[in-house]
Structures are given as structure tokens and as C-alpha cells.
Amino acid sequence: MISRATPVLAITGLKHGYGHKPILTGVEIELNEGAHHLLLGPSGSGKTTLIHAISGLLEPDDGSVVIDGEAMTGRSPAARDALRRSKIGLIFQSLRLVSALTVRENLHLAGRLSGHPTTDAAIDALLAQVGLGHRCSAKPRHLSQGEAQRAAISRALIGKPRLLIADEPTSALDDENADRVASLLIETADRNGSTLLVATHDQRLKKLIPRTVTLLSQSIAVP
Ligand SMILES: Nc1ncnc2c1ncn2[C@@H]1O[C@H](COP(=O)(O)OP(=O)(O)OP(=O)(O)O)[C@@H](O)[C@H]1O
């Protein structure tokens with residue numbers, strides 16, 4: 001018998017809408033360990049809605065989301081929060097760093113919340129990986145936009161997530177910086193053993209992450 005590894009993300013028959021407006025109508029996705037994908041789709045096609053359903057920030061109208069063998073759907077908000085913290089690293093466009101804390105303290109907090117409390121040395125090593133070794137003690141308001149983005153990437157990785165999801169990480173960046181951020185996401189995901197899903201309408205990323213999941217107006221196809 002052929003044994004198959006458990007997918008990091010398995011979505012079946014996922015449907016969600018707002019009011020009477022259907023947005024996601026039967027999404028099917030399976031992502032395996034270490035397979036990085038772009039989640040493409042025009043503005044309004046439901047990329048953020050899908051990310052929220054994957055990460056348990058909303059309970060979809062129908063269908064199932066399973067993360068690394070554990071159901072995200074059909075569970076209480078508290079159980080969804082716990083699963084998200086233990087398995088998923090999220091990087092949103094608004095970076096959501098805690099302004100009163102230094103970069104290092106932000107990572108400590110994220111580590112504790114994910115159930116992976118860690119040491120200053122491990123945090124500083126992770127920050128050094130993204131070129132922020134010299135900014136450990138800075139508060140978020142003193143970081144440039146690019147530095148804050150790298151801090152958010154490090155924070156998402158602190159719990160060694162099985163699945164790393166970035167929502168539009170490069171749309172506001174010029175070509176050089178878009179390349180830099182996308183390469184950093186791929187390198188850090190690989191180094192930490194995370195599967196990467198990058199939601200974007202930035203077609204420039206296709207050359208770095210050729211596998212795509214495309215969200216059409218009301219359906220999804222995985223080539
Ligand atoms: N909480 C909400 N209540 C009502 N409608 C919503 C809500 N959230 C999103 N929508 C609508 O659902 C549709 C999909 O939104 P979503 O943000 O998921 O798309 P997107 O593909 O991420 O778009 P963009 O690329 O512009 O960020 C849009 O038409 C949006 O206006």
C-alpha cells in the first residue's frame with residue numbers, strides 16, 4: 001500500500017458569502033509539505049476571505065478546512081484560535097506589531113501565544129536571518145516599512161508554523177523590494193520547514209513561486 005503524507009492544508013467544498021452575495025463557491029485545495037503556492041485572483045475574488053477561513057478567523061458557511069490533519073472548521077472560536085496559534089503563521093498587509101513592545105518582545109509574545117516560548121538567543125538568530133539582528137531593541141514606530149515587514153515575517157515564523165500565509169506582502173513594493181521580500185519568504189519558509197501560501201494579485205511573484213492556486217470570480221482551480 002502506498003502511504004501518503006498528511007497534507008498541510010486540505011480544503012473541501014468550501015463556501016462562504018456575505019448577505020446574499022456568494023464569494024467562495026466550492027473551493028478545493030490540497031497543499032503538501034514544503035510546496036509553496038501563490039493564491040491568485042482579482043481584487044474582490046475572496047482571497048482574504050479564504051485566508052480568514054483557513055486560519056479560523058471566520059467559520060465558513062459550508063465545507064471543511066483541515067490543517068495538518070486537524071479540523072479548523074466546525075469548532076469553537078477558542079479551539080480555532082488554539083489551532084491557528086500552533087500551526088499557522090500569518091503575515092497581514094497591516095503588520096500588526098504591538099507598538100509598546102520592542103521587536104524582540106513582539107517575538108517573545110508571539111512565541112508564548114503559539115505555545116513555543118523561546119529564548120532571546122533564538123529570537124536574535126531568527127531576526128539575524130532576515131537581516132534585522134541590529135534592530136532587536138527597536139520599537140515598531142522606529143522601523144522603516146521594509147524593516148517592519150521583515151519583523152512581521154520573523155514573528156510569523158517564531159512558532160515554527162506548518163503553514164505560513166502572507167496576504168499581499170508585495171503589492172505596494174517596487175520590483176526590487178518585491179523580489180527581496182518574496183525571496184525572503186521562500187528562504188525562511190524553507191529553512192523553518194513551513195509550507196508557504198502567498199495571496200496576491202501581483203503577477204511579478206509567479207517567477208519566484210510558479211505553483212498557483214487561482215481564485216476565479218466564483219470558483220477555484222488548481223492546475
Ligand atoms: N465582512 C464583510 N462583509 C461584507 N462583504 C465583505 C466582507 N468582507 C469582504 N466582503 C466582500 O467580499 C468580497 C471579497 O472580499 P475579499 O477581501 O475576500 O477579496 P480579495 O480577493 O482579498 O480582495 P483584494 O485583493 O481587493 O484584497 C468583496 O466584494 C468584499 O467587498
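At what angle do the axes of α3 and α5 cross, and within what distance do they come? They cross at roughly 25° and come within 9 Å, where axes are lines fitted to C-alpha atoms, for helices over the stretch in contact, and angles run from 0 to 180 degrees between N-to-C directions. This is a predicted model, in which local features need pLDDT of at least 70, side-chain atom pairs count only at pLDDT 80 or more, and totals for chains, interfaces and linings use all residues. Residues are numbered from 1 along each chain as its sequence is written.

**Helix α5 itself**

- α5 covers residues 145-157, 13 residues in total; helices (H or I, at least four residues) and strands (E, at least two) are DSSP runs, numbered from the N terminus.
- From first C-alpha to last, α5 reaches 19 Å, close to the expected 18 Å (1.5 Å times one less than its number of residues).
- Buried residues of α5 include Gln149, Arg150, Ile153 and Leu157 (buried: 20 or more other C-beta atoms within 10 Å of its own; exposed: 12 or fewer; partly exposed: in between; C-beta atoms are placed from the backbone).
- Among the elements covering the buried residues of α5 are β6 (88-91), α4 (120-129) and β7 (163-167).

**α5 with α3**

- The crossing angle of roughly 25° makes α3 roughly parallel to α5 (under 35 degrees; over 145 is roughly antiparallel, 65 to 115 roughly perpendicular and the rest oblique).
- Val103, Asn106, Leu107 and Ala110 of α3 make the contact with Ala151, Ser154 and Arg155 of α5 (contact: C-beta atoms, placed from the backbone, within 7 Å).
- Those contact residues divide into four nonpolar, two polar and one charged (nonpolar: Ala, Val, Leu, Ile, Met, Phe, Trp, Tyr, Cys and Pro; charged: Asp, Glu, Lys and Arg; polar: the others, Gly among them).

**α5 with α6**

- The axes of α5 and α6 are 11 Å apart, at an angle of about 20°, which makes α5 roughly parallel to α6.
- On the α5 side, Gly146, Gln149, Arg150, Ile153 and Leu157 meet α6 residues including Val181, Leu184 and Leu185.
- This contact has five nonpolar, five polar and one charged residues.

**Positive phi values**

- Most residues other than glycine have a negative phi.
- Asp68, though not a glycine, has a positive phi of about 50°; Asp68 lies in the loop between β4 (62-67) and β5 (70-71).
- Glu168 also has a positive phi of about 50°, and Glu168 sits in the loop between β7 and α6.
- Glu168 is partly exposed, with 18 other C-beta atoms within 10 Å.

Conventions:
Contact = placed C-beta atoms within 7 Å.
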